[in-house]
There are 4 protein chains.
Amino acid sequence: MIELFSEEAGVSTRIPGAAAAMRKAPRQARSRAMVDAIVEAGARVLDARGWAGFTTNEVAGVAGVSIGSLYQYFPDKTALVDAIRRRHFDAVLAVLRSAIDGRAAPEALVDGMIAIHRDFPALHRVLLDLPNPYASEAAHQAFQDEYLRLYGVVVARHRGPDDADGLAAHLLSSAIEGVIHNAARRGLLAEPGLRRELLVLICAYLDIAVTPAGR
Amino acid sequence: MIELFSEEAGVSTRIPGAAAAMRKAPRQARSRAMVDAIVEAGARVLDARGWAGFTTNEVAGVAGVSIGSLYQYFPDKTALVDAIRRRHFDAVLAVLRSAIDGRAAPEALVDGMIAIHRDFPALHRVLLDLPNPYASEAAHQAFQDEYLRLYGVVVARHRGPDDADGLAAHLLSSAIEGVIHNAARRGLLAEPGLRRELLVLICAYLDIAVTPAGR
Amino acid sequence: MIELFSEEAGVSTRIPGAAAAMRKAPRQARSRAMVDAIVEAGARVLDARGWAGFTTNEVAGVAGVSIGSLYQYFPDKTALVDAIRRRHFDAVLAVLRSAIDGRAAPEALVDGMIAIHRDFPALHRVLLDLPNPYASEAAHQAFQDEYLRLYGVVVARHRGPDDADGLAAHLLSSAIEGVIHNAARRGLLAEPGLRRELLVLICAYLDIAVTPAGR
Amino acid sequence: MIELFSEEAGVSTRIPGAAAAMRKAPRQARSRAMVDAIVEAGARVLDARGWAGFTTNEVAGVAGVSIGSLYQYFPDKTALVDAIRRRHFDAVLAVLRSAIDGRAAPEALVDGMIAIHRDFPALHRVLLDLPNPYASEAAHQAFQDEYLRLYGVVVARHRGPDDADGLAAHLLSSAIEGVIHNAARRGLLAEPGLRRELLVLICAYLDIAVTPAGR
DNA sequence: AATGAATGAGAATTCATTCAT
DNA sequence: TATGAATGAATTCTCATTCAT
């Protein structure tokens, strides 16, 4: 499971204001386990039932804790959603970083994204459609910025540094998101053909910009 | 605005069972205007406030009609959502058809999609992630099938008929969806660069398959 | 059908205040037919669907008139209920009177009651359980008084005039009501055995008082 | 008050499927008291205001609990009605059983029925005429069967076993119901004369069948 | 700290009644 | 006069949140 409060997480991973949303920092191991269980249950419920089925009582039930305990650690539903989102988005950023660190970026990127979405196929989509009260803009913006910055690195490594406005990064990330999310919704994530075609798409797009004359 | 009950709509556009969801078919001009106003208001609310802010009273208020009138035409909330979705999806299919009819498919496709999503930037995303009971499965499946079939025509025209399993169509549609929806969410739909890059992506993907040896 | 506004109805039949509830006296034949149709439909709906299904729109629909026309003749739901009740209770009183006029009272009484309840088996019960806003006490009391008075005549003819407090009349009427209504509810009204046993009950009760020593 | 969840209740008293209607079984003393208060309040409201005045908010208010608490224990309005009915019908069956156990059946029967209906004079009538969806058919049928069976025992003990089709039991029960309910509605339950006359009726009917030639 | 019963504002839906056509 | 679309108060039910135990 992705650690929510890992000290070794990169600095840029920490979303500002994140910890502040927690009613109390869980110092004890038991508390930490409880928080993890709640976030895990929340992700599961959000993924399986969507926003409509995502009630605090349901999450508490799935987590196996009382509703009172849930509110011991999360001041309100918003804070819980924030934690779930943070966990998921951290995982996405981790995939991006590891893809950048490796040499064969596209393959690592695709495989990592597929892996993330296999556990909670619908979660990411749902998180992107935050109902109004749950959209803590600052945190979300921070994620978006880092997300696009990392994609920009990917683009730059293949296309060169001519994507000053970040449009190519935006396009590439959006297209990949779209493919992954739709495949997840239709249960095609495990399909080898999907992985192949997505790689084709990515390479085509990145190459074409590098050697536009070559076409 | 897309007419919901236009007589001149192509037959194949009508999703079977669609009209059945209406409590009563609006015959008078006034009734028709009221239904249109409600659907329009519903789309606006769903777009602006998301699923959580989409309450029947809010929609009625925005439409400027009483809540009773809303329920005169829509037996319940799901029927209203269905109508909104039908309207949007019909528009999407119309764009696809018109792009196929023309010779320069990609440009028409991209421009049409951008045009559709400019009015209600977030609507389509929300519509894709409806809570379970709100999806009248048959109608939705009918849309999906037609949607992929039309994309398949686009793919076949450029790549040739070697996409038997429809994977390329799936991939292309998903990627375009992802790009359009993300751009809509970030307010980049009017950006000329976005249009250009999306065309690059599409052409790259379609060409590459046509002449895979050429790479 | 029982005429609602028959001029030849006995004076004691007219419930005071009844006509006042009508918004306008239907002078034209068409109006009168419309009122009859509405009352008939109301009885049918009340009988078949009970209080919960008895809505003004439903009654208008069954009567084949517009809701506006219904309100043309009945100022509100209460007035409609009153008319239905009046019609049914008038029929009940008519049966009682005719049974008294004949010589073989019990048979005529039982047969008449069974006949009345065969058309609308549940109506009488429903009318006895008037929801609060529909209980126009004065009219109801007038019916009750006449009803018990007539039963008192039946009792007196067999038992003699020693039922000064009307208790025997009350008992006899209540018992018959109970039997008829329960049989109606269970679909046993046509059962010959039921008629026979009810006669046995009535005769036993009336005879026993006349000649208590004879047993 | 009749205990709703008493452990010592006879097994045959429990209508199968009855407890299943409860959202959660009240384990704590406080919960049990709350459920009792709600059912009690429901009976009071149904009795006093009839079906039309029986709103869940009204019941909650009379019970002195919040509407949320009501729904914590009763999944919907029908479940509450079922509980009220069960309570009343259990009391009726208990009276019948105790009357059968004693030797002087008619007196015990009449006194028991009068006692039951004195608290909520109009309740039983209303319960018999519930709108369609509110009758959990199986449970209601089970009550009816047992009810008629016990009346059949009473009949058999006095008239002999010649009521194979149960018509006499049906008639006797219906007549008694009618008398009791009408008396309750008119506030005559406490009247000694009523008790006397009802006994006369019952004895007359039962005796007459035993010695039909004696008349 | 943990529990889960209790709360009540808010959302969906109905239906008696009005009134413009 | 007849129509039926429009209205909105009233009703059922949910779920985020609190607090007594």
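A salt bridge is a side-chain nitrogen of Lys or Arg within 4 Å of a carboxyl oxygen of Asp or Glu. This is a predicted model, in which local features need pLDDT of at least 70, side-chain atom pairs count only at pLDDT 80 or more, and totals for chains, interfaces and linings use all residues. Residues are numbered from 1 along each chain as its sequence is written, chains are lettered from A and ligands numbered from 1 in the order in which they are written, and side-chain values use heavy atoms, leaving out hydrogens and water.

**View 1. D:Glu146 forms a salt bridge with D:Arg97.** Look for their closest N and O atoms, 3.0 Å apart. D:Glu146 sits in helix H7 (residues 137-159) of chain D and D:Arg97 in helix H4 (residues 77-101) of chain D, so the pair ties together parts that are 49 residues apart in sequence. Helices here are DSSP runs (H or I, at least four residues), numbered from the N terminus. Both D:Glu146 and D:Arg97 are buried (under 20% relative accessible area, with a 1.4 Å probe and protein chains only; exposed is over 50%, partly exposed in between).

**View 2. C:Arg149 and C:Glu146 meet in a salt bridge.** Here the N to O distance is 3.1 Å. The two residues are three apart in helix H7 (residues 137-159) of chain C, so about one helical turn separates them. C:Arg149 is partly exposed at 47%, while C:Glu146 is buried at 9% relative accessible area.

**View 3. D:Ser173 lies in helix H8 (residues 167-186) of chain D.** D:Ser173 is buried, with a relative accessible area of 0%. Beyond its neighbours within four places in sequence, D:Ser173 is in contact (heavy atoms within 4.5 Å) with D:Tyr147, D:Leu148 and D:Tyr151.
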